[in-house]
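Please open the model in a viewer and keep the selection panel at hand. The tour begins at the ligand and then moves to selected loops.

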Amino acid sequence: MERVFKGIAVSPGIAIGEVFILDDQRRRIPKRAIPLAQLPGEHERLDKALQASIAELSVLRERTDKELGAEAAKIFAFHLGMLADPTLTRPMHALIDSETTTAEYAASTAMQQLAERFAGFRDAAFKTKVDDIHDLSMRVLKNLIGEHTSKLSKLDHRAVVIARDLTPSQAAAFNRSHVQAFVTEFGGKTGHTGIFARAMGIPAVVGSTGIREQVSEGDTVIVDGDSGTIILDPDQKTLATYKGWQERRRLFQISLRELKDLPCVTVDGTPIDLQGNIEFADEITQVIEAGGNGVGLYRTEFLYLTAESEPTEEQHYAAYAECVKLLDGRPLTIRTMDLGADKYTQEQERSENPERNPMLGCRSIRYCLQNLPMFKRQLRAILRAAAIRPGTVRVMFPLVTTPEEFRRAKFFLNDVMEDLRDEGHPVDPTVKVGMMVEVPAAALCAESFAGQSDFFSIGTNDLVQYTLAVDRTNELVAGMYNPASQAVIKLLRMTVDAAKTARIPVSCCGETAGELEYTMMLLGIGLRTLSANSGSLPALKRLIRSVTIEQCEQVAKKAISIDSDGAVASYLRDVTRKIMPEAFDGRSAEG
Ligand code: PEP
Ligand code: MG
């Protein structure tokens with residue numbers, strides 16, 4: 001029977017496909033047969049993982065004992081005792097041989113069997129041990145195969161991925177041609193699941209609490225990334241309706257192709273510069289195909305997220321040089337890495353000391369300024385790539401909060417430039433250095449930043465989060481995440497005005513820049529450069545070519561005069577739907 005779930009729409013489009021469930025850490029490890037000759041290697045891997053787990057647990061026990069007392073440390077003593085107990089480890093080794101299988105399958109099966117035995121006891125004290133065994137199992141598996149990526153790499157057909165949560169490193173591990181849509185139980189509007197899905201051009205819905213309990217692998221599912229609806233086992237009538245909308249969307253996309261070589265100008269002839277946001281160099285082809293005039297935001301942290309360890313200078317350089325080559329003279333804004341908050345490397349995810357409040361923690365430029373050798377490796381690579389085609393590459397620092405921080409970042413950039421020069425590398429001394437305006441402090445002091453920055457790029461994803469104190473990845477407060485709030489609009493205007501006064505370029509590269517309903521407001525407050533994922537560029541161009549600047553100014557003026565944030569959002573949506581109904585599959589505002 002058809003069942004309908006709601007979530008938060010984070011990437012548009014409709015997918016109709018088969019469910020693929022991505023378990024979290026408590027997953028089943030698939031059984032994989034391996035050649036007999038590899039068995040000794042599996043025993044060795046298992047021993048190493050057990051030893052590594054024992055070492056981690058000993059440190060934890062000691063620290064807990066010191067900080068929280070002997071009682072709290074007992075839990076780790078229990079874990080350690082289990083790992084030292086041959087009645088647990090012997091069956092693991094035995095399974096490798098009897099099943100000719102991998103160390104991870106043997107370890108997870110033995111742990112699972114033990115957990116089931118404990119669960120079967122009447123005594124509640126034994127039952128509570130089941131969770132401990134799962135914890136222990138996760139630790140051993142982490143030391144065998146890394147935290148998250150194993151099942152993903154086994155996805156070998158096109159399917160709708162349903163997960164509890166999806167970290168950027170998991171998303172990055174997918175074979176991109178196999179994923180039709182994402183659905184997660186956690187997450188908010190501008191978290192990185194959505195950014196990834198948009199970059200891949202597939203629909204995604206996040207924050208659909210409890211859905212994993214209700215689905216089975218292979219079920220038919222419809223994911224509506226426009227309205228945030230997920231329909232399991234749809235009946236024939238629903239399927240037909242969605243197929244109809246899918247077809248309209250397909251035709252709309254085809255109709256957009258004719259715009260590719262037309263200029264991006266408003267009806268009154270004002271040119272608007274549309275650029276693309278990318279996570280990987282190979283997305284540049286799509287950006288250009290979609291009519292983008294360069295890259296306004298290269299999120300270089302994905303170089304770190306897709307690797308097990310920090311990229312070398314040469315790996316950075318290879319990626320940036322590839323971008324310069326593909327762009328062939330078009331502009332490229334390389335943002336230095338923005339790790340932390342909701343973007344963790346596998347290594348950071350495994351850390352025993354997660355930050356208590358990572359959104360306000362050591363992320364982005366703060367992290368770079370605390371890890372200078374790593375920061376300088378990236379800066380060297382960027383500057384070397386910038387010298388390939390002088391005048392095309394710009395460097396941008398994320399999450400700049402204070403002028404001192406910006407000056408320090410620039411100081412290290414200059415330092416690196418000197419080193420490169422001394423080493424005989426060509427450099428472009430005129431390379432432009434700018435900053436993201438994505439912290440309210442930066443927008444409020446935009447005037448003073450404008451005096452020392454070559455350009456601004458407004459990151460609305462973070463600006464909204466920090467202005468409204470709404471975690472951009474938290475489904476519980478997703479309804480409060482509103483780029484059309486008066487406070488945010490005020491900060492946008494302050495930033496644009498400060499840039500204009502100082503005569504420096506300003507653009508918007510947050511997700512707001514790619515969403516049609518905000519376009520008229522952004523142009524109306526004076527923005528002339530928007531950078532968005534390639535999938536949204538053609539529709540943006542169509543809208544821009546359908547309006548005048550005066551119309552946009554009127555829309556912005558009206559929006560500013562409305563004294564309810566929710567009403568501003570619906571006003572902007574309604575105006576856009578009236579001008580371009582075909583962008584919404586002809587569906588009603590509620591559809
Ligand atoms: C932003 O914050 O708007 C932005 C573009 O950066 P990111 O989404 O990568 O944090
Ligand atoms: Mg940001």
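Which backbone atom of Asn461 lies 2.8 Å from an oxygen atom of ligand 1? Select Asn461 and ligand 1: the atom is a backbone N or O atom of Asn461. The protein buries 100% of the 290 Å² that ligand 1 exposes when taken alone (accessible areas by the Shrake-Rupley method with a 1.4 Å probe; for residues, only the protein chains shown count as cover).

Before continuing, note that this is a predicted model, in which local features need pLDDT of at least 70 and side-chain atom pairs count only at pLDDT 80 or more, whereas totals for chains, interfaces and linings use all residues. Residues are numbered from 1 along each chain as its sequence is written, chains are lettered from A and ligands numbered from 1 in the order in which they are written, and side-chain values use heavy atoms, with hydrogens and water left out.

**The shell around ligand 1**

Next, select the residues surrounding ligand 1 (a heavy atom within 4 Å). There are 17 of them, and the closest are Arg299, Arg335, Gly459, Asn461 and Arg472. By class, the shell comprises 8 charged, 5 polar and 4 nonpolar residues. Colour α8 (192-200), β10 (295-299) and α20 (460-468), each of which supplies at least two shell residues; α20 gives the most, with 3 residues. Helices are DSSP runs of H or I with at least four residues, and strands are runs of E with at least two.

Now display Arg299, where a polar side-chain atom lies 2.7 Å from an oxygen atom of ligand 1. At Thr460, a polar backbone atom is 3.1 Å from an oxygen atom of the ligand.

Thr512 lies in the loop between β15 and α22 (516-524) and is buried, at 5% relative accessible area. Buried means under 20%, exposed over 50%, and partly exposed in between, with a 1.4 Å probe and protein chains only.

**Two positive phi angles**

Finally, select Leu399, in the loop between β12 (393-397) and α17 (403-422). Leu399 has a positive phi of about 55 degrees although it is not a glycine, and its relative accessible area of 1% makes it buried. Arg503, between α21 (486-502) and β15 (506-508), also has a positive phi of about 55 degrees, but Arg503 is exposed at 75% relative accessibility.

Notes
Polar contact = N/O pair within 3.5 Å; in protein donor to acceptor, adjacent residues only side chain to side chain. Nonpolar A, V, L, I, M, F, W, Y, C, P; charged D, E, K, R; others polar.
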